[in-house]
Structures are given as structure tokens and as C-alpha cells.
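Please keep the sequence and the model at hand while reading.

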Amino acid sequence: MNIIVCIKQVPNTENVQIDPQTGRLKRDGIESIINPYDEYAIEEGVKLKEKFGGKVTAITMGPPQAESALREAIARGADEAVLISDTAFGGADTLATSYTLSTAIKTIGNYSIIICGKQAADGDTAQVGPGIAEMLNIPHVSCVKKIEVIDDVSIKVERMMEDGYDLIESSLPVLLTVVKEINNPRMASLKGKMLAKKAIIKSLDAISIGADIKKIGLDGSPTQIVNIFNPPQRTGGEKFVGQAKDIAANIVKRLSDLGVI
């Protein structure tokens, strides 16, 4: 069973900043890590390989420095890694990213399952995984919390819902996006780190995947950042002090004066 795991390198900070001139993430001086949800995708891919055989190929689209995320994936059990990198990919929105990744996956070929994290920590759209599946014309199941059964032609999974879970059966190949409840990601072993250090990372650019130049990067992105601004700073609120019953009465009176009640 051959498995492709899509990962993304994201800033290791909650203070994500965007360059107002280019509309792109500021990466200079900020540590980058594997997108947290993608750690669960890597682990699930490795677990399936250990159970059913085959190989796990980790792929990412990003600048050359994203290679470090791929080496981390190998250290955690992936067998191969592919970096999809080209300046032409810069500024891609979720549609252009989905197109680029799906085109690269077609180039790689020979897969049964594609696994993605539910969403990326920097964008939080949860659109790329399903977008890849649509462009590959294969079924997809989002928010997978457990893989129940797999055979040569089908898979049965539990999809997390607000009030429980759905049990879904799909044909193969299929794309799954996974949530953190699916497993506990392993740490990289010393052996894994040594393998990752020596691994040859294959690199693909726009030409090598046969991408349509009109569908990648900014040209292929119908959604673009038009304006960036910081929300106005909150001013201090009104503070009530005293006994609880007096505070309650004063709050009711103040809300009444404001016409709220």
C-alpha cells in the first residue's frame, strides 16, 4: 500500500504576520515547524505502512527551506520525500495550492491513500485537502478520527462530528484529512534522524510537474489579499466595585441607561 502524506511548513508562532506589500507570510527570523495537524497525518501513514506494507511518501509545496520539514517526516518514519518548489508557486491561494499539489501527485503516481492534516495553523481554511481530491477526481473524507477497515479496494473510517461520528465507506484511492484524535504522533528516533540526514529529497518545479502556468501562484489564485490592517485596540471598560448586590444593581441600571435592557 503506497501512501502519500501532504505536509506544510508553518511559522512556529501565534503571531503570524503578513507582508502588506506582497500579501505573503513573513518568514524571516521566525522558526518554522511542521503544521501540527500534519504530524498526525504522518503518524497515520506510517502506522498503515507498518500494518499493510508499502511505503510512505511525504510531499510539501514551499520554498527550499521547507526541505527541513520533509527530513523531519522521514525521521518519523516516512520512506521518501518530495519538495515541490518554484518561485512561480509564490502567493498561491488554496485553489492554486490544491492544483499544484494534485498535479505533483499525478506526476508521482501509484498511491492508494493520500493523507492530509485537517487544516493548516497559518491559514485555517481546511480547503486544500478536499481541493486536491476534487482535482484528482477521487473521493475524500474529512475530519477522520479512526480508520476501521482497509482491504484491497475499499476503506471504512470514522468521521468526527459535533454529536458523535459518521461511519463512512469509500473506494480506493481516497484522500483523508485527519484530526488529532486519530493517534499520538511518535518522536523521531535516533535511527530515523540519521536516515533523514542522509536522505535524498527529490525536488519538482512547475515544468517537471507539467503545471499550467495560469493555474499556479498569484496568476492562478482568484482570492488575493487586498488590504491588511490591525484591528483597533480595545479601550478599557467600565469597572464596578463594592458589594455583590450593589454591583448587580449598578450593572442593571447602567445597561438600562444604555438601552440594552
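Is glutamate 67 buried, partly exposed or exposed? In this predicted model, glutamate 67 has a relative accessibility of 28% and counts as partly exposed.

- Glutamate 67 pairs with arginine 71, and their closest N and O atoms are 2.9 Å apart.
- Both residues belong to helix α2 (residues 67-75), where four residues, about one turn of the helix, separate them.
- Arginine 71 is also partly exposed, at 23% relative accessibility.

**Other salt bridges**
- The whole structure contains 12 salt bridges.
- One of them joins glutamate 50 to arginine 186, with 2.8 Å between the closest N and O atoms.
- Glutamate 50 is in helix α1 (residues 36-52) and arginine 186 in the loop between β10 (174-178) and α5 (190-198), so this pair ties together parts 136 residues apart in sequence.
- Arginine 186 has a relative accessible area of 27%, which makes it partly exposed.
- Arginine 159 and aspartate 166 form a salt bridge at 3.0 Å, N to O.
- Glu39, Glu72 and Arg76 are linked in a salt-bridge network.

**Helix α3**
- Helix α3 (residues 94-108) has 15 residues and spans 21 Å between its first and last C-alpha, close to the expected 21 Å.
- Its buried residues include Tyr99, Leu101 and Ile105.
- Among the elements covering the buried residues of α3 are β1 (2-6), β5 (80-84) and α4 (128-136).

Terms used. Residues are numbered from 1 along each chain as its sequence is written. This is a predicted model: local features need pLDDT of at least 70, side-chain atom pairs count only at pLDDT 80 or more; totals for chains, interfaces and linings use all residues. Side-chain values use heavy atoms; hydrogens and water are left out. Helices (H or I, at least four residues) and strands (E, at least two) are DSSP runs, numbered from the N terminus. The expected span of a helix is 1.5 Å times one less than its number of residues. Buried means under 20% relative accessible area, exposed over 50%, partly exposed in between (1.4 Å probe, protein chains only). Contact means heavy atoms within 4.5 Å. A salt bridge is a side-chain nitrogen of Lys or Arg within 4 Å of a carboxyl oxygen of Asp or Glu.
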